[in-house]
Amino acid sequence: MAPWLLPVLLSPVYFLSLLVISCPACHGGKILLVPIEGSHWVNMEILIGALHNQGHSITMVRSTKSWYIKADSPYYDSVTVSVDKGFNEEFVKPFLVQIMEIERGSRSFIDFIHFQLLFSLALYRLHDISCHMAASMFEDRALMRHLNESQFDLVLTDPSSAEGILLAHYLKLPLVHNARWLTSTEGHFSLAPSPVSYIPVTGSGLSDKMTFLQRVKNMLFYLLMQFQLRFLIHAQYQAICDKYFEHEVDYSQIVKAADLWLMRVDFVFEFPRPTMPNIVYIGGFQCKPAKPLPQDLEDFVQSSGDHGVILMSLGTLVSAISGDIAKDIAAAFAELPQKVIWRHVGERPSTLGNNTLLVKWMPQNDLLGHPKIRAFVAHGGTNGLQEAIYHGVPVVGIPVFFDQYDNLFRLKERGGAKVFSIAAINKNTFLQGLQEVLHEPSYRENMQRLSRLHRDQPMKPLDRALFWIEFVMRHKGAAHLRTESYKMPWYAYHSVDVVLFLLVVTLSFMYIVVYGIKVFCCRVCLRRKIKHE
């Protein structure tokens with residue numbers, strides 16, 4: 001080394017220059033966020049925190065009736081839209097009570113019809129709330145002027161409701177979906193080829209291996225889903241488009257025109273199916289290694305000895321279950337040598353044993369990652385099941401509504417879950433199911449295998465989500481990844497017009513040939529007749 005080079009290498013200016021060169025450039029973008037409530041907000045908040053740490057500025061749109069979404073946060077600024085109704089406890093709790101009453105009934109065909117009518121009405125009311133908020137935004141000229149002048153780079157939204165979709169179109173901004181669900185259906189059904197011969201429809205409770213009668217059932221559920229979309233949901237949003245957009249706009253097209261779909265599943269969990277270039281799979285992006293537990297929880301967990309701990313949570317929306325079900329579950333827990341941590345809101349069950357700790361909140365991910373956890377009793381929400389897969393914990397499932405049974409069925413098909421309907425739960429059946437999951441090694445082995453598959457990927461799901469959001473910012477969209485299929489009417493997409501055209505041409509050609517042969521034969525016969533005479 002040259003003697004004159006040593007002072008340069010030791011100088012503070014050199015070290016500062018080296019640090020600047022070695023750090024990747026971070027150009028913070030401006031993101032307009034339109035989330036929805038409940039468990040969807042729980043994972044959206046994780047994505048927001050990661051985007052904030054990347055240096056991006058986030059403005060979040062919420063309503064005055066927001067339930068989980070707070071106005072103040074270190075990660076975002078908020079814009080609050082004044083509304084008269086919202087998706088909150090007043091909306092959710094009566095619906096869940098009715099659902100559980102139906103589930104605990106005879107489960108006859110009449111109950112099925114009752115359930116579908118109740119669910120369809122809830123869907124209609126939910127999207128009416130969404131339309132009401134969208135109308136309030138567009139009527140507020142000062143708000144829309146402020147959003148226009150803010151020069152956002154993109155809109156990030158959860159497309160389970162459509163305020164963000166409509167706002168992105170109004171502001172002419174690139175659109176990124178943080179999705180699994182799209183209004184009333186799984187997102188793939190609106191974007192990717194989805195043959196119902198082997199792709200189960202949400203609510204059908206089927207796998208990708210169907211008998212003839214199961215395919216009939218799947219088709220009926222698909223037709224029901226299309227009816228709900230067309231007449232209960234799309235019609236409401238189309239009315240908003242017709243009222244507030246200057247040019248004729250087809251709502252179904254602007255939904256599918258999103259630049260990017262961040263899909264909250266991966267193929268460890270999802271059945272194999274066709275996909276599209278602008279779908280990026282980020283399943284389990286909210287999962288992370290467990291952190292140390294609070295001391296009181298750690299002491300309780302350690303007190304379980306070699307028997308271990310069972311964890312129970314029914315998610316953000318299903319905070320309480322009916323008293324008779326809670327008593328049966330508590331009585332079954334009391335028969336076990338394991339300790340139990342149960343997230344429970346409501347009246348304390350009279351059958352509760354000394355081994356069960358009731359809590360109103362718990363660090364679910366950190367508990368699932370604890371080596372003493374033996375099983376997870378869950379309602380089947382995507383977030384909880386992804387965390388169970390990540391940590392390799394077997395599941396006892398109690399689905400309540402919408403996608404929960406389908407989620408648990410996917411895990412059951414892979415040998416990682418035991419599933420009960422609410423109607424089938426009593427002390428004895430629940431206890432038997434718990435003991436099976438606790439003592440049959442295949443449940444834990446299968447979940448640990450799924451965990452290894454999920455973790456074995458070149459890039460963490462959260463990092464993948466951040467890269468592609470920033471990709472859309474850098475390139476002002478991702479139009480090159482979108483197919484033209486979203487602009488095509490259904491008859492063109494399925495080539496019905498082409499088939500009819502070719503059929504007409506073929507029939508016309510056959511008619512001309514047959515007619516020509518007939519005329520030729522008639523002339524030959526006529527000539528022979530003339531010669532004979």
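How many nonpolar, polar and charged residues are in the lining of the second largest pocket? Point 4 takes this up.

1. Basis. This is a predicted model: local features need pLDDT of at least 70, side-chain atom pairs count only at pLDDT 80 or more, and totals for chains, interfaces and linings use all residues. Residues are numbered from 1 along each chain as its sequence is written, and side-chain values use heavy atoms, without hydrogens or water.

2. Strand β4. This strand covers residues 154-157 (strands are DSSP E runs of at least two residues, helices H or I runs of at least four, numbered from the N terminus). Leu154 and Leu156 point one way, Val155 and Thr157 the other. All are buried, that is, under 20% relative accessible area with a 1.4 Å probe, protein chains only.

3. Neighbours of β4. Four bridges pair β4 in the parallel sense with β1 (residues 30-34); pairing requires at least two DSSP bridges. β5 (residues 175-179) is also parallel to β4, over three bridges. Thr157 faces His177 in β5. From β4 the chain passes through helix α7 (residues 163-171) to β5, in a right-handed β-α-β crossover (clockwise from first strand over helix to second, with the strands pointing away from the viewer).

4. Second largest pocket. Its lining has 17 nonpolar, 10 polar and four charged residues (nonpolar: Ala, Val, Leu, Ile, Met, Phe, Trp, Tyr, Cys and Pro; charged: Asp, Glu, Lys and Arg; polar: the others, Gly among them). Helix α9 (212-244) gives the most to this lining, with seven residues.

Definitions and conventions
Buried means under 20% relative accessible area, exposed over 50%, partly exposed in between (1.4 Å probe, protein chains only).
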